[in-house]
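Subject: A structure for you to look at

Hi there,

Here is the structure I promised to pass on to you. Please open it beside this email, so that you can find each residue as you read.

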Amino acid sequence: MKIRHYPETDSVYIDLSDRPSVETQEVNEDMNIDLDESGALVGIDIHGNASKYVDLSSFQVETLET
């Protein structure tokens, strides 16, 4: 997984998979999701107003044991 932040446009792209996107669906005016050929989620694009949805001042990844 890769997360890219573009401060100049206040955008974030969350790349969830190496699989190519074949379809983009609009969630709302600020957010799109990218799907692969089987309809599985491969990416999330928050464009223009990412700071409205995500606290960009800090980022933490936590892996929980099962």
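The chain has an accessible surface of about 5,000 Å², and 49% of that belongs to carbon and sulfur atoms. Please keep in mind that this is a predicted model. Of the 66 residues of the chain, 26% count as buried. Along its principal axes, the C-alpha trace spans about 35 × 35 × 15 Å.

You will find one helix and five strands in the chain. Contacts between residues 24 or more positions apart make up 32% of the contacts with a separation of 6 or more.

**Nonpolar residues, inside and outside**

Which residues make up the largest nonpolar core? There are five in all: Val12, Ile14, Met31, Ile46 and Ala50. Setting aside residues up to four places away in sequence, Met31 touches Gln25, Glu26, Ile44, Asp45, Ile46, His47 and Tyr53.

Ile44, one of those partners of Met31, is found in strand β5. With residues up to four places away again left out, Ile44 touches Val12, Tyr13, Ile14, Leu16, Met31, Asn32 and Ile33. Glu65 is another story: 21 residues along the chain separate Ile44 and Glu65, and their C-alpha atoms are 25 Å apart.

On the surface there is a nonpolar patch formed by Met1, Ile3, Leu16, Leu41, Phe59 and Val61. Together these residues have about 610 Å² of accessible area. Ile3 sits in strand β1, which covers residues 2-6. Its relative accessible area is 38%, so Ile3 counts as partly exposed.

**Leu35 in strand β4**

Leu35 is found in strand β4. Is Leu35 buried or exposed? Its relative accessibility is 8%, so Leu35 counts as buried. Beyond residues up to four places away in sequence, Leu35 touches Pro20, Ser21, Val22, Glu23, Gln25, Ala40, Leu41 and Val42. Take Pro20 from that list: Leu35 and Pro20 are 15 residues apart along the chain, and their C-alpha atoms are separated by 8.1 Å.

**Three salt bridges**

Side chains of opposite charge can pair when their charged atoms come close. How many salt bridges does the count come to? The count comes to three, and here is each one in turn.

Asp15 pairs with Arg4, with their closest N and O atoms 3.8 Å apart. This pair links distant parts of the chain, as Asp15 is in strand β2 (residues 11-15) and Arg4 is in strand β1, 11 residues apart. Asp15 counts as buried at 18% relative accessibility, because the cut-off for buried is under 20%. Arg4, with a relative accessible area of 32%, is partly exposed.

Arg19 forms a salt bridge with Asp36, where the closest N and O atoms are 2.5 Å apart. Arg19 lies in the loop between β2 and β3 (23-28), while Asp36 lies in the loop between β4 and β5, so this pair ties together parts that are 17 residues apart in sequence. Arg19 counts as partly exposed, at 40% relative accessibility, whereas Asp36 is buried, with a relative accessible area of 6%.

Apart from neighbours within four places in sequence, Asp36 is in contact with Arg19, Pro20, Val22 and Val42.

Lys52 and Asp30 form another salt bridge, and their closest N and O atoms are 3.4 Å apart. Lys52 lies in helix α1 (residues 50-53) and Asp30 in the loop between β3 and β4, so the pair ties together parts that are 22 residues apart in sequence. Asp30 is buried, with a relative accessible area of 5%.

Enjoy exploring, and write back whenever you like.

Best wishes

How values were computed: Residues are numbered from 1 along each chain as its sequence is written. This is a predicted model: local features need pLDDT of at least 70, side-chain atom pairs count only at pLDDT 80 or more; totals for chains, interfaces and linings use all residues. Side-chain values use heavy atoms; hydrogens and water are left out. A nonpolar core is a set of buried Ala, Val, Leu, Ile, Met, Phe, Trp, Tyr and Cys residues joined through side-chain atoms within 4.5 Å. Buried means under 20% relative accessible area, exposed over 50%, partly exposed in between (1.4 Å probe, protein chains only). Contact means heavy atoms within 4.5 Å. Patches are made of residues with over 30% relative accessible area and no salt bridge: like charges are joined within 9 Å, nonpolar side chains (Val, Leu, Ile, Met, Phe, Trp, Tyr) within 5 Å. Accessible areas come from the Shrake-Rupley method with a 1.4 Å probe; for residues, only the protein chains shown count as cover. A salt bridge is a side-chain nitrogen of Lys or Arg within 4 Å of a carboxyl oxygen of Asp or Glu. Helices (H or I, at least four residues) and strands (E, at least two) are DSSP runs, numbered from the N terminus.
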